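Colleague: I have a model open and want to learn how to read it. Please take me through it, feature by feature.

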Amino acid sequence: MQKAILITGASTGIGRHLAHYLAERDHLVYAAVRKDTDFAALSGVPNIVPIKLDVTNLEQIETAVTFITAQGTGLYGLVNNAGLGGLGYFTTWSEAEFHQILDVNIAGPWRMSNAFLDLLLAAQGRIVNIGSQGGTVSKKLYGPYTMTKHALEAYTVALNEELRPFHVHVSIVQPGGIVSNIGANSLPDMVTRLRRAQPPFADEAQQLLASFDNPPPPPAADAPESESNRKPSSPEIVATAVYHALFSDQPKLRYMVGTHWEGNRVINTLIDRLLDANDSPEHSYSREQLIALLDQQLQARNEAVRPLQ
Ligand SMILES: NC(=O)c1ccc[n+]([C@@H]2O[C@H](COP(=O)([O-])OP(=O)(O)OC[C@H]3O[C@@H](n4cnc5c(N)ncnc54)[C@H](OP(=O)(O)O)[C@@H]3O)[C@@H](O)[C@H]2O)c1
């Protein structure tokens, strides 16, 4: 049965791919974009209805609620996908830039979910937040971005707990590197921030800027993935996970998607965090107890969760 799904940030990358993926499967997609050219590009695509919406603009959000309500389609799914990237040492972010990334990546999903909640409750629908493996892993230069994705993790868990009694399920999809416009879109601000870098970061920032002008020769195509040889995946893997989160009768809370190398990095980070939590004089399990706990959790999961289809 056709369901109505609203996707934010549908102009490019993951959001645009997802809009087509759902529309091709006969769902009705409200594809939220900011620019007239993107609106025009999506107009006339079967099963896609473009709407103008910036997730920081309350007036546009309210107009979108009124518009979708008037269509009489209801709203079964909200995919909070719109997001900003951006790299830079913490001290090189201006006050305005810092607030902007928090506003789009954290307050955006919160604002959207609040605004469309009545429709989602009526449909007993789903909310899917597009997080990131940066919601688990953090590293230098990625600070503010990964802060926002860590916040989205907490938001997803708490919102899901609030809404489950009312039959609305909330999930988070956590992609690794995905082919999209995020790098190109965030490059100019990143260059500005690197140019702003002061000691003790200035030398390293200059080296990074120089490496943009003279990039090292590309590694062989079959060279294994590494920190300096990332292998971004197709947005298709994100769309497949979002589809499961929207339509499975057993949606998962978290969907981590990406390459084997990326998966290892996340799992090692989580093991490290587990060992940090366990390293306490008041509260510490032995190796055997930890393994027994892991076995119990695995068993509970195998009984409860179906594999991704
Ligand atoms: N690509 C990756 O490697 C990757 C990995 C993990 C997570 N993600 C997440 O995936 C999501 C989509 O990113 P992407 O990779 O597809 O990047 P993208 O190609 O840069 O797309 C970002 C989208 O967000 C929109 N957007 C930005 N600010 C907005 C605002 N204030 N209001 C409404 N829309 C806004 C952009 O619209 P405009 O075209 O109008 O700017 C664009 O449609 C983001 O949440 C990102 O953090 C991406």
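Modeller: Start with the radius of gyration, which is taken over C-alpha atoms; the globule rule is 2.2 Å times the number of residues to the power 0.38. This is a predicted model, where local features need pLDDT of at least 70, side-chain atom pairs count only at pLDDT 80 or more, and totals for chains, interfaces and linings use all residues. Residues are numbered from 1 along each chain as its sequence is written, and side-chain values use heavy atoms, with hydrogens and water left out.

Colleague: What radius of gyration does the chain have, and what would a compact globule have?

Modeller: For 309 residues, the rule puts a compact globule near 19 Å; the chain has 21 Å, so the two agree. The C-alpha trace spans about 55 × 50 × 40 Å along its principal axes.

Colleague: How many helices and strands does the chain have?

Modeller: Helices (H or I, at least four residues) and strands (E, at least two) are DSSP runs, numbered from the N terminus. Here there are eleven helices and seven strands.

Colleague: What share of the residues counts as buried?

Modeller: Buried means under 20% relative accessible area, exposed over 50%, and partly exposed in between (1.4 Å probe, protein chains only). Of the 309 residues, 41% count as buried. Accessible areas come from the Shrake-Rupley method with a 1.4 Å probe; for residues, only the protein chains shown count as cover. The chain's accessible surface is about 16800 Å², and carbon and sulfur atoms hold 56% of that.

Colleague: How do I read contacts in the chain?

Modeller: Contact means heavy atoms within 4.5 Å. Take the contacts between residues at least 6 apart in sequence: 69% of them join residues at least 24 apart. Leu 119, in helix 5 (residues 117–123), gives a case. Leaving aside neighbours within four places in sequence, Leu 119 is in contact with Ile 68, Thr 69 and Leu 75. Leu 119 and Leu 75 are 44 residues apart in sequence, yet 5.5 Å apart in space, C-alpha to C-alpha.

Colleague: Is Leu 119 buried or exposed?

Modeller: Leu 119 counts as buried because its relative accessible area is 16%.

Colleague: Which side chain makes a polar contact with the side chain of Glu 97?

Modeller: A polar contact is a pair of N or O atoms within 3.5 Å; within protein, one must be able to donate a hydrogen and the other to accept it, and residues adjacent in sequence count only if both atoms are side-chain atoms. The partner of Glu 97 is the side chain of Arg 193, at 3.2 Å. Glu 97 sits in helix 4 (residues 95–115). Its relative accessible area is 12%, so Glu 97 is buried.

Colleague: What does the side chain of Ser 186 reach?

Modeller: The side chain of Ser 186 reaches the backbone oxygen of Ile 182, at 2.6 Å. Ser 186 lies in helix 7.

Colleague: Now the ligand. How many residues surround it?

Modeller: A residue is near a molecule or strand if one of its heavy atoms lies within 4 Å of it. Here 29 residues surround the ligand, and the closest are Ser 11, Thr 12, Arg 34, Tyr 145 and Ser 180. Helix 1 (13–24), helix 6 (143–163) and helix 7 (182–196) each give at least two residues to the shell.
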